[in-house]
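Let's take a walk through this fold. Have the viewer ready and follow along.

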Amino acid sequence: MSDAELAARLADHAGRILLAVRDSGLIAAKALGKAGDQTANQFLIAAIAEHRPDDGLLSEESKDTPERLGKSRVWIIDPVDGTREYGEERTDWAVHVALSIDGKPEIGAVALPGLNEVLRSDQPRALPAAGTPLRMVVSRTRPAAEALSVAEKLGAELVPMGSAGAKAMAVIRGEADIYLHSGGQHEWDSCAPAAVALAHGLHVSRIDGSPLVYNQRDVYMPDLLICRREHARPVLDLLMDAAA
């Protein structure tokens, strides 16, 4: 099985497990989110250990160890990206499975179980036409000040949404044109979405224009820009002007 096929199968089946846990009706609210995280994480780490025993692993739901730092190939996973949305039975949550190779987000799959869809780095699709006006996807609970400012200057409409994976995939799915985030994320929040977005020809960077680098000792990665390539320069210029 190829790395890309493995990533997609892992994300898809973890999503199915999460739906089954939620659909049982036996757990609710915060307890549901915790149970879903733990159950999906156990499946993912066991399957990765079975199929890629020599690779490193970084998961939001597992204790980090320095062992991965000496590895070229590191799986970076988020069993439930958007735990609140998952617990509220919304569709804007995701499962992230990515393979970072030498710090680059080379392979990824983002499952959107509530929409019965898995977006993959090895199966890019044609992007729908850009919106008129432009649409910027932002957090539905805490939109970043930088995103709000850039959206206003671009005349872009705001599209509130839950998880980082759902937001990034919204650009591919044609629900948005720009995803700009600042204020706090970690490697598992963006690695799989970045890999899938790059495979679809999108611009992916930090908000200063620098590339995303993974498998770092400090896994904090606070900001992210994913958008159509033609929109990257105007967004980055606005961010640079604001920082000056």
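**Starting from helix H1**

The buried residues of H1 are Asp-3, Ala-4, Leu-6, Ala-7, Ala-8, Leu-10, Ala-11, Ala-14, Gly-15, Leu-18, Val-21 and Arg-22, where buried means under 20% relative accessible area with a 1.4 Å probe, protein chains only. This is a predicted model, where local features need pLDDT of at least 70 and side-chain atom pairs count only at pLDDT 80 or more, while totals for chains, interfaces and linings use all residues. Residues are numbered from 1 along each chain as its sequence is written, and side-chain values use heavy atoms, with hydrogens and water left out.

What covers those buried H1 residues includes H2, E2, helix H3 (83-87), E3, E4 and E5. Helices (H or I, at least four residues) and strands (E, at least two) are DSSP runs, numbered from the N terminus. Just past H1, Gly-25 adopts a positive phi of about 70 degrees.

Now for the sheet. Its 5 strands make an open sheet ordered E1-E2-E3-E4-E5, with mixed pairing; two strands pair if DSSP finds at least two bridges between them. Strand E1 (56-59) and strand E5 (117-120) each have a single partner strand, so one side of each is left without a neighbour in the sheet. E4 (residues 104-112) and E5 run antiparallel, joined by 4 bridges; Ala-111 has Val-118 in E5 as its bridge partner.

Two helices lie across this sheet. H2 (residues 29-51) lies across E1, E2 (73-81) and E3 (94-101), at about 160 degrees to E2. H6 (residues 187-199) lies across E1, E2, E3, E4 and E5, at about 95 degrees to E4. Axes here are lines fitted to C-alpha atoms, for helices over the stretch in contact, with angles from 0 to 180 degrees between N-to-C directions; contact means heavy atoms within 4.5 Å.

How values were computed: Buried < 20%, exposed > 50% of the residue type's maximum accessible area, 1.4 Å probe, protein only.
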